[in-house]
Number of protein chains: 2
Amino acid sequence: MEKIQELQEIFLKEGLRYTKQRETIWQEINSSTEHRDAEDIYFTLKTRGVATSRATVYRTIEVLVRNNLVRALNIGDGRYRYENKLDQTHHDHLVCTECGKIIEFLNENVEQQQEQVARDHGFTLVRHIHQLFGVCEECQKN
Amino acid sequence: MEKIQELQEIFLKEGLRYTKQRETIWQEINSSTEHRDAEDIYFTLKTRGVATSRATVYRTIEVLVRNNLVRALNIGDGRYRYENKLDQTHHDHLVCTECGKIIEFLNENVEQQQEQVARDHGFTLVRHIHQLFGVCEECQKN
DNA sequence: AACTTACTTGAGACTCAATCTCAATTAAGT
DNA sequence: ACTTAATTGAGATTGAGTCTCAAGTAAGTT
């Protein structure tokens, strides 16, 4: 996988060593499209027999987020979820308040309006958080 | 102020007693248009000589938020800010990542698109978080 | 290959916002 | 005034995340 090259280059660029733990954490986040929290990643690695610690998980995720390999998601319940950026396309999230299901969406119109709002107030837009909370079809039935 | 009547009715409706602490906390949040955190509200009351505790502040804010008298704002730095809803109009927030300034904005187009996105995925929209992060005009100069 | 040096790791201590506990207090109905 | 159940508050607890520092290790040097 040539993606591992990119990972190595990022650590090189940051003046950081390329270690087994860092690679494993990156692989774990890339292994699914789920939105997982740090504790989950930590325990999955532990269960899989990979030696690691919370400190290393958090430290590595910090580097990955800073370098845009992973996205941190704050859905307001006090802990971040992380998603890989393998698919590259930007999107926001629609969260079911009943079952926690997370659906990704993209609305170009909204994206443009955001730029407009920032311009109107003299801001240079850096990033945005846009999350819709509602009840999904299945949960509405229950 | 007839707003206090509404406050009393809400506590009545919830089967809660109307106490000096609860009224004072509500007044404190209504006393400015700032976006303040719980600790700030707690200390301001303390400084003003009003006996209270963190527990009471948090418990009261919970009731106020639930009853739509106060809005909780999660700007991603680990602690909620609270704003009063005296002006009634819905808005979202544009936050300066340098100086922390918070500007309120409303974009009808975006509001409509949000409803559309929810519909498209079979969701019933309950609420949303929409925050733009950027650098304000003053901070760009520095 | 052995040596050196500085970066990394991990167990557990610590932080900080927020919640919980429970004895003392108090609102509000009788 | 009496009764009773809700409320308060000091401090303990929780939980996500960060920090500490001795032990481990990557990678360059001899």
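1. A polar contact here is a pair of N or O atoms within 3.5 Å; within protein, one must be able to donate a hydrogen and the other to accept it, and residues adjacent in sequence count only if both atoms are side-chain atoms. By that criterion, a polar side-chain atom of A:Thr19 sits 2.6 Å from a phosphate oxygen of DNA strand C.

2. On provenance: this is a predicted model, in which local features need pLDDT of at least 70, side-chain atom pairs count only at pLDDT 80 or more, and totals for chains, interfaces and linings use all residues. Residues are numbered from 1 along each chain as its sequence is written, chains are lettered from A and ligands numbered from 1 in the order in which they are written, and side-chain values use heavy atoms, with hydrogens and water left out.

3. DNA strand C has 19 residues around it, the closest being A:Arg17, A:Thr19, A:Arg22, A:Arg59 and B:Tyr58 (near means that a heavy atom of the residue lies within 4 Å). By class, this surface has 7 nonpolar, 6 polar and 6 charged residues (Ala, Val, Leu, Ile, Met, Phe, Trp, Tyr, Cys and Pro count as nonpolar, Asp, Glu, Lys and Arg as charged, the others, Gly among them, as polar).

4. The side chain of A:Arg59 places an N or O atom 2.8 Å from a base nitrogen of DNA strand C. A polar backbone atom of B:Tyr18 is 3.3 Å from a phosphate oxygen of DNA strand C.

5. In chain B, α2 (residues 20–30) packs on α4(B) at about 70 degrees, with the axes 10 Å apart (axes are lines fitted to C-alpha atoms over the stretch in contact, and angles run from 0 to 180 degrees between N-to-C directions). The pair is therefore roughly perpendicular (65 to 115 degrees). B:Gln21, B:Arg22, B:Ile25, B:Trp26 and B:Ile29 of α2(B) meet B:Thr56, B:Val57, B:Thr60, B:Ile61 and B:Leu64 of α4(B) (heavy atoms within 4.5 Å).

Technical notes. Helix = DSSP H or I, 4+ residues; strand = E, 2+ residues; numbered from the N terminus. Parallel < 35°, antiparallel > 145°, perpendicular 65-115°, else oblique.
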